[in-house]
Amino acid sequence: MANKKDVPAIENPLANMGLDEIVREITNSEEEDKKQNKEGATKTRRSKAATKKTFETNLEKYIGISEQGAAIWLPKEVKKKLEIIRANSDRNIPLRSLAAAIIMSYIEENEDLMNTL
């Protein structure tokens with residue numbers, strides 16, 4: 001068994017600080033976190049509005065296309081989600097138009113990510 005004298009001393013980073021300094025440091029760090037979270041939320045709100053506009057543009061582009069198109073296979077749960085979105089919509093959107101608009105909106109919004117795959 002190790003002797004108490006063999007245990008290395010752990011340096012306490014708060015040892016040389018007064019209580020007021022400790023509280024000030026914690027408070028400042030919490031305020032910085034809140035500020036960063038608020039800035040991130042603002043960026044998210046802007047991107048959501050831009051994403052919605054991109055989606056609406058793509059939806060209008062793909063509604064009414066009468067060409068045959070190419071077949072792709074979707075997992076059943078993906079198709080069910082698309083059907084739920086379609087059923088909850090205020091308008092009658094063809095399923096393939098909805099899928100095409102969602103896919104193209106994602107690709108347009110994340111083009112830099114698509115180039116690194």
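Tutor: Start with the layout. From the N terminus on, the elements run α-α-α-α. Keep in mind that this is a predicted model.

Student: How many helices and how many strands does the chain have?

Tutor: Four helices and zero strands.

Student: Why is T54 called buried?

Tutor: Compare the value with the cut-off. Buried means under 20% relative accessible area. T54 has 15% relative accessibility, so T54 counts as buried.

Student: Where is T54, and what does its side chain reach?

Tutor: T54 is in helix α1, residues 19-62. Its side chain reaches the backbone oxygen of A50 at 2.9 Å.

Student: What makes that a polar contact?

Tutor: The limit for such a pair of N or O atoms is 3.5 Å. The T54 side chain and the backbone oxygen of A50 are at 2.9 Å.

Student: Which residues does T54 contact, leaving aside its neighbours within four places in sequence?

Tutor: S105, E108 and E109. Contact here means heavy atoms within 4.5 Å.

Student: Take E109, then. Why is E109 called partly exposed?

Tutor: Exposed needs over 50%, and buried needs under 20%. E109 has a relative accessible area of 32%, so E109 is partly exposed.

Student: Where does E109 lie, and which residues is E109 in contact with beyond four places in sequence?

Tutor: E109 lies in helix α3. With neighbours within four places left aside, its contacts are A50, T51 and T54.

Student: What share of contacts between residues at least 6 apart joins residues at least 24 apart?

Tutor: In this chain, 65%.

Student: Now S97. Is S97 buried or exposed?

Tutor: Use the cut-off of 20% again. S97 has a relative accessible area of 5%, so S97 is buried. S97 sits in helix α3. Residues up to four places away not counted, S97 touches L59, Y62 and I63.

Student: And what makes I85 partly exposed?

Tutor: The band runs between 20% and 50%. I85 has a relative accessible area of 44%, so I85 is partly exposed. I85 is in helix α2. I85 and L95 are ten residues apart in sequence and 9.3 Å apart in space, C-alpha to C-alpha.

Student: What fraction of the chain counts as buried?

Tutor: Of the 117 residues, 9%. The accessible surface comes to about 10,600 Å², and 55% of that surface belongs to carbon and sulfur atoms.

Student: How do you know where empty space is left?

Tutor: Rolling a probe the size of a water molecule over the atoms shows it.

Student: How much space lies in the largest pocket, and which residues are closest to its centre?

Tutor: About 660 Å³ of space lies in the largest pocket. Of the 19 lining residues, A70, I72, R96, A99 and A100 are the closest to its centre.

Student: Which helix supplies the largest share of the lining?

Tutor: α3, with seven residues. Helices α2 (76-88) and α3 (95-109) each supply at least two residues of the lining.

Student: How do the lining residues of the largest pocket divide?

Tutor: Into 13 nonpolar, three polar and three charged.

Terms used:
Residues are numbered from 1 along each chain as its sequence is written. This is a predicted model: local features need pLDDT of at least 70, side-chain atom pairs count only at pLDDT 80 or more; totals for chains, interfaces and linings use all residues. Side-chain values use heavy atoms; hydrogens and water are left out. Buried means under 20% relative accessible area, exposed over 50%, partly exposed in between (1.4 Å probe, protein chains only). Accessible areas come from the Shrake-Rupley method with a 1.4 Å probe; for residues, only the protein chains shown count as cover. A polar contact is a pair of N or O atoms within 3.5 Å; within protein, one must be able to donate a hydrogen and the other to accept it, and residues adjacent in sequence count only if both atoms are side-chain atoms. On a 1 Å grid over the protein atoms alone, a cavity is a set of points where a 1.4 Å probe fits but cannot get out, and a pocket is an open set with protein on both sides within 12 Å along at least five of seven lines; lining residues have an atom within 4 Å of a point. Grid points are joined across faces, edges and corners, and a volume is the space filled by probe spheres set on the points. Ala, Val, Leu, Ile, Met, Phe, Trp, Tyr, Cys and Pro count as nonpolar, Asp, Glu, Lys and Arg as charged, and the others, Gly among them, as polar.
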